[in-house]
Amino acid sequence: GPNSGLLGCPVNRGNAMLTSRTVGKNVASELARALDRNEIVPYYQPIVNLQTRRIEGFELLARWQHPIRQNISPAEFIPAAEKLGLIGALTERLLRQACVDAANWPAHLQLSVNISPQQLHDSGLPKQISGILEQARFPFQRLTLEITESAVVDDIDLARLILGHLRSLGAHLALDDFGTGYSGLRHLQELPFDILKVDAIFVRTLCTKTESRKIIAAVMGLCQSLKLATIAEGIENDSQLEMLRCLGYGNGQGWLFGRPAPAAEAEALLKNEQSAVALNSVAQIAEQV
Ligand code: C2E
Ligand code: MG
Ligand code: MG
Ligand code: MG
């Protein structure tokens, strides 16, 4: 076209090179290579019990350790991977590594993995996942699959089949980003979820906006009647934590408890917690004596 230079490359227009469209293109062309070079790595964010603040599991969040560029957000490269048909391969690599990492955690901890809506069109998904888990001897009962609400699942019957199969193998299913999409309630009606993750946008204004508090409370009511476990996303301060506890939320996630971090840091967090618990029980025994 008129905007293309030699070989169809965009003509350098100075700052125009830095537009998000150009960045998107680079991401796409580099992604396959990045996968081969193991530049896409798992980070882990703790999910804690809001009453005890003890870690109940970790969510795997993809990070691109690019040799030059920094901070390419998954919000950018995950959609690119979906478009390029690389999301299956990406998930497979991350999950393989995560099973190795999670082998060092206490055996009751969950591993939560995000699944793209596109993967719910692939009837081979249960087989792919069970192959990885079998090889790593990682039990399905410790796996939680997160499906984002915002994606419209266009073949809900196939999605139900795939998710039902994975659930019958023991996996837990979480509806992610609840409240931000168009069809969250329909998904709750049609798909066998165990957990609802209420989106961070409601938590952010929980203590400053009456509407947010009312919505969060109403969602809790929904979870109670549907017997869903709850996770609140994006908890950054103590007042949000206190409010969510009062409203009956079970688990939570957010910078208040820990940012996504490499496997070694997640392990260190667990070690710290274990020694704190040990110290605490020593103190309790000392008190009784
Ligand atoms: P998500 O699954 O809803 O993950 C939660 C996002 O909120 C993460 O962003 C996390 O870093 C961020 N977050 C957690 N606590 C806080 C907090 O207290 N404050 C704030 N401001 N943010 C917080 P991240 O890691 O950038 O990931 C963005 C999205 O990309 C994820 O949203 C998920 O939809 C997608 N994603 C990430 N990794 C994968 C993956 O391996 N596969 C797929 N399919 N999607 C992924
Ligand atoms: Mg998630
Ligand atoms: Mg979410
Ligand atoms: Mg999200």
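**Exercise 1. The largest pocket**

Determine which residues lie nearest the centre of the largest pocket, and how many residues line it.

*Solution.* 
Step 1. In this predicted model, 40 residues line the largest pocket, and Glu59, Leu61, Pro74, Asn114 and Asp177 lie nearest its centre. On a 1 Å grid over the protein atoms alone, a pocket is an open set of points with protein on both sides within 12 Å along at least five of seven lines, whereas a cavity is a set of points where a 1.4 Å probe fits but cannot get out; lining residues have an atom within 4 Å of a point.

Step 2. Two or more lining residues come from each of β1 (40–49), β2 (55–64), α2 (74–83), α3 (87–102), β3 (110–115), β4 (143–148), β5 (172–178) and α7 (200–204). Helices (H or I, at least four residues) and strands (E, at least two) are DSSP runs, numbered from the N terminus.

Step 3. The volume of the largest pocket is about 1,200 Å³; a volume is the space filled by probe spheres set on the grid points, which are joined across faces, edges and corners.

Step 4. Sorted by class, the lining of the largest pocket holds 18 nonpolar, 11 polar and 11 charged residues. Ala, Val, Leu, Ile, Met, Phe, Trp, Tyr, Cys and Pro count as nonpolar, Asp, Glu, Lys and Arg as charged, and the others, Gly among them, as polar.

The conventions are as follows: residues are numbered from 1 along each chain as its sequence is written, and chains are lettered from A and ligands numbered from 1 in the order in which they are written. Local features need pLDDT of at least 70 and side-chain atom pairs count only at pLDDT 80 or more, while totals for chains, interfaces and linings use all residues; side-chain values use heavy atoms, with hydrogens and water left out.

**Exercise 2. Ligand 1**

State how many residues surround ligand 1 and which are the closest.

*Solution.* 
Step 1. Ligand 1 is surrounded by 20 residues, the closest being Arg63, Asn114, Asp177, Glu236 and Trp255; a residue is near a molecule or strand if one of its heavy atoms lies within 4 Å of it.

Step 2. A polar side-chain atom of Asn114 is 2.9 Å from an oxygen atom of ligand 1. A nitrogen atom of ligand 1 lies 3.0 Å from a backbone N or O atom of Ala62, and a nitrogen atom of ligand 1 is 3.0 Å from a side-chain N or O atom of Ser116.

**Exercise 3. The largest cavity**

Find which helix gives the largest share of the lining of the largest cavity.

*Solution.* 
Step 1. The space in the largest cavity is about 30 Å³.

Step 2. Its lining consists of Thr91, Glu92, Leu95, Ile115, Gln119, Leu125, Gln128, Ile129 and Ile132.

Step 3. Both α3 and α4 (125–136) supply at least two lining residues, and α4 gives the largest share, four residues.

Step 4. By class, this lining has five nonpolar, three polar and one charged residues.

**Exercise 4. Positive phi angles**

Locate Arg137 and Lys227, and decide whether each is buried or exposed.

*Solution.* 
Step 1. Most residues other than glycine have a negative phi. Arg137, not a glycine, has a positive phi of about 55 degrees, and Lys227, also not a glycine, has a positive phi of about 55 degrees.

Step 2. Arg137 is in the loop between α4 and β4 and is exposed, with a relative accessible area of 78%.

Step 3. Lys227 is in the loop between α8 (210–225) and β7 (229–232) and is exposed, with a relative accessible area of 73%.

Key. Polar contact = N/O pair within 3.5 Å; in protein donor to acceptor, adjacent residues only side chain to side chain. Buried < 20%, exposed > 50% of the residue type's maximum accessible area, 1.4 Å probe, protein only.
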